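Hi,

Here is the structure I promised to pass on. Have a look at it first, and then read my notes below.

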Amino acid sequence: MRSRQAQIGQAADELAAGKRPRMSGIARKEAIAGYVAISPWLLGFLIFQLAPILAAFYISSTEWRILSAPEFIGVRNFDKLLFKDDLFWQSIKVTVIYVIFRVPVSAVLSLALALLMNQQLAGRRLFRTIYYLPAVIPLVAVSMMWIWIFNPEYGVLNSFIRLFGIEGPQWIHSSRWALPALIIMSLWQVGTGMVIFLAGLQGIPAHLYEAATIDGANTWQRFLKVTLPMLSPVVLFALVMNVIGSFQIFTQAYIMTAGGPGNATLFLVLYIYRNAFEWFHMGYASALAWVLFVVVLVISLAMLRSSEHWVHYEGRIGGA
Amino acid sequence: MKLRRRETVSLQLVTALGAAALLFPFLWMISASLQTLQEVEAFPPIWIPEVPQWTNYVEAVVNYNIGHALLNSAIVTTVSVVGQLIVCSLGAYAFSRLRFPGRDAIFLLFLATMMIPHYVTIIPLYTMVWSAGLIDTYTALIFPGLFSPFGTFLLRQFFNQIPISLDEATLIDGGNHWHIYLYVIMPLSRAGLGALGIFSFLGIWNTLFWPVLVINSKELFTLPLALAMAQGQFVTLIHVQMAGSVIACVPVIVVFLMLQKQFISSIALSGMKQ
């Protein structure tokens with residue numbers, strides 16, 4: 001290796017000779033290709049992602065009714081939503097209840113389905129198709145379908161309950177049952193989770209099960225000591241993704257309940273939509289959107305943090 | 001794991017029952033789309049209509065504007081998916097393969113913005129589209145979606161797995177960086193491109209929020225928007241609504257059945273839907 005002094009000396013010589021350190025021809029060609037390749041995406045990123053983020057930051061500190069110029073009001077939007085807006089807290093409450101029930105129940109259901117699909121059953125591929133199908137069709141169509149399934153008078157659900165001589169609830173027309181109804185409906189689309197878990201299950205090496213069987217483990221023990229730990233990274237991934245997605249529920253409430261009855265399904269994104277595009281409180285709506293971001297971020301980080309205690313990574317020694 | 005015969009039979013039964021329960025709403029939707037209004041509202045529910053009412057579909061296409069919306073959705077989705085694949089693959093190629101000053105800084109900035117939900121940027125985006133006079137245009141529906149950060153990230157991860165020695169071989173053989181992109185990276189990334197294509201196909205075909213904001217006139221309604229508007233307008237006409245819903249589902253189901261394997265790997269790869 002050349003000494004530092006020699007390097008400096010050479011650089012000084014080059015400078016004295018009027019040469020500037022520059023890219024070689026090959027590197028320059030590569031850089032030009034790089035700029036050309038990235039420019040369409042980069043332009044889009046700057047205009048449609050970065051600029052809106054910066055703008056949203058500013059807008060959230062203004063009072064802006066879109067037709068007049070925005071007026072700077074500092075943190076007053078955040079002050080209002082935290083301390084003076086009951087509807088904001090209602091939307092947080094409704095959204096959090098939805099997430100708390102939907103995420104774990106759908107995780108358990110999709111895990112159960114994935115375990116089933118991982119067995120040597122007849123018609124496995126057909127069943128996998130059927131289980132996954134509800135997850136691909138448009139949410140608007142799903143919502144319209146379920147409006148009628150939940151119809152208290154002639155919907156199929158209450159007609160079924162009536163067979164047992166019981167009159168079913170008013171479902172989406174009742175402030176008490178509307179939220180549970182949307183949670184039940186969301187469980188219809190467990191196929192996504194099932195596919196993720198199934199991919200995880202198929203990645204577990206068979207020799208682990210063989211070794212456990214030789215050691216005398218029964219089915220239940222193999223599930224607890226092999227399947228669950230090996231699957232835990234996938235479980236973490238699926239849970240975080242599901243939490244992020246569930247916090248952003250909008251279409252179902254927009255189509256089926258319009259946030260009602262009595263704000264029983266006023267989810268946070270629906271409330272953002274109303275503020276921005278029905279009442280034109282752009283500043284306040286932006287502040288609400290930032291709250292959505294912070295809440296999702298904090299919960300995701302907390303889940304990742306907690307995962308140190310329950311997620312098993314291959315190759316880590318002594319991990320719990 | 002080997003199972004005993006009795007266990008296998010009971011698992012098979014559970015699987016079949018679960019599948020039947022999941023298919024139930026679908027079957028009801030199809031059956032209701034072929035019934036008269038009286039049959040839909042009958043108790044106990046009727047499953048097989050006396051005379052299939054195919055006219056419900058005609059009514060949906062004409063009164064609900066579903067035919068036009070189907071065409072709009074097809075145009076918007078096709079252009080968006082193809083455009084996104086081109087823009088994102090070029091960006092991902094630059095991030096993954098080409099060295100140029102500022103690349104890593106841009107990538108860091110990009111990563112930092114990835115966690116920020118769509119709903120934060122949608123208000124400024126809407127005001128941009130509005131003040132540019134682009135409300136009620138295909139441009140408004142298609143353009144902002146072309147530069148998917150998620151797509152670029154996904155493809156970059158994919159490209160990173162392709163051995164760099166292939167690039168070097170191309171350069172030694174006298175090829176340039178565009179040859180590498182066209183003849184090495186793209187052909188070897190079919191699975192990744194397919195995954196992104198399916199992912200954005202589903203997202204764009206099914207989305208409601210953005211079209212609700214930027215489209216007002218019937219002529220430009222996409223399918224979800226047309227259905228949503230019809231739902232508000234013809235609240236009681238269940239049978240026609242179900243016919244409209246079936247029409248909206250059919251293209252997705254057909255594509256799904258054709259590309260099932262790719263769908264599954266796309267979900268496993270991207271891990272999310274909404």
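Quick one to start: does A:Lys84 count as buried or exposed? A:Lys84 counts as exposed, at 59% relative accessibility (buried is under 20% relative accessible area, exposed over 50%, partly exposed in between, with a 1.4 Å probe and protein chains only).

Some housekeeping: this is a predicted model, where local features need pLDDT of at least 70, side-chain atom pairs count only at pLDDT 80 or more, and totals for chains, interfaces and linings use all residues. Residues are numbered from 1 along each chain as its sequence is written, chains are lettered from A and ligands numbered from 1 in the order in which they are written, and side-chain values use heavy atoms, leaving out hydrogens and water.

Back to A:Lys84: its salt-bridge partner is A:Asp79, with the closest N and O atoms 2.7 Å apart (a salt bridge is a side-chain nitrogen of Lys or Arg within 4 Å of a carboxyl oxygen of Asp or Glu). A:Asp79 is partly exposed, at 30%.

Another salt bridge joins A:Arg274 and A:Glu278, at 3.4 Å between the closest N and O atoms. Here A:Arg274 is buried at 15%, while A:Glu278 is partly exposed at 40%. Over all chains, the count comes to 6 salt bridges.

As for chain A as a whole, 52% of its 320 residues count as buried. Its C-alpha trace spans about 100 × 75 × 35 Å along the principal axes.

Cheers
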